[in-house]
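Visitor: I'd like to learn how to read a structure like this one. Could you take me through a few features?

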Amino acid sequence: MTKPYSVFANYYDYLMEDVDYEAWASRIIAQIKLYQPKAKVLVDLACGTGNISNLLAKKGYSVTGIDLSEQMLMIAQDKAYEKHLRIQYLKQDMVRFATHRKVEVITCICDGLNYLTTEAQLIAFFENAAKQLVEGGLMVIDISSPYKYEHVLSKRTIAELDEEVSFIWDNHYDSATQQLDFDIAFFVPEGDDGLYRRLLEHHTQKAHNLEALSAAFDANFEMLSHLDGESGSELRDNSERWLLILRKKA
């Protein structure tokens, strides 16, 4: 069993190739421009392979990308070099990250917050994030919703067979704890004799409801907006992704 996003890092972009990152970044930027139009300096937490970070940098923001996976960060940095983008990528825990100067915006996109599974982690995350923000600074958070975990992923197995990499993705959701555990078995070609090596990763995520999130951030942030993460429109009962906009309290 390997650490999360150690093996997955090498195939993450391949498996996410159908994601419209341009549209995703546009929804994020629209919210930043709406609530913090003069913002220029931001931190992208749980930045992964840098797909969102790089697009934000292309739009003129000064970006620092932070992630706990060294493998993901190496890929992100290579992409930035190829596109001649000046982005600082740092290996840090997003609950305890630190910046050398206060920033105007913090983004945490594509389930980063879902990896925080306890109330204590959530509270510590929001307390620390507030310390890194200027007065009135924004947090833009994109997470998977409880609806997605319970009605889309629960007890679902996803499998794909391909010459480059094959995988089996088993999901189990406990509605009582709102916790999703999933194992991804990758089958990677090894040598020229047609054999495959099996590599396994285990991930744990949590479905946070708005009440629990509000209790965790209320001391430091106010909610400006909560939207459907896939459209940027009004939140629905069956929204699979949530886009939350928070402002640091004075």
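Guide: Let's start with handedness: a crossing is left-handed if the near helix is turned anticlockwise from the far one by less than a right angle, and right-handed if clockwise. Helices (H or I, at least four residues) and strands (E, at least two) are DSSP runs, numbered from the N terminus. Here, helices α5 and α7 cross in the right-handed sense.
Before we go on, this is a predicted model, where local features need pLDDT of at least 70 and side-chain atom pairs count only at pLDDT 80 or more, while totals for chains, interfaces and linings use all residues. Residues are numbered from 1 along each chain as its sequence is written, and side-chain values use heavy atoms, leaving out hydrogens and water.

Visitor: At what angle do α5 and α7 pack?

Guide: Axes are lines fitted to C-alpha atoms, for helices over the stretch in contact, and angles run from 0 to 180 degrees between N-to-C directions. Helix α5 (residues 119–132) meets helix α7 (residues 210–217) at about 50°, and their axes are 8 Å apart. Under 35 degrees is roughly parallel, over 145 roughly antiparallel, 65 to 115 roughly perpendicular and the rest oblique, so this pair is oblique.

Visitor: Which residues make the contact?

Guide: Contact means heavy atoms within 4.5 Å. From α5 come L122, I123 and F126, and from α7 come L213, A216 and F217.

Visitor: Which strands pair with β11?

Guide: Two strands pair if DSSP finds at least two bridges between them. Strand β5 (residues 133–144) runs antiparallel to β11, joined by 7 bridges, and M139 sits opposite L246 of β11. Strand β10 (residues 221–228) is also antiparallel to β11, over 7 bridges, with E222 facing R247 of β11.
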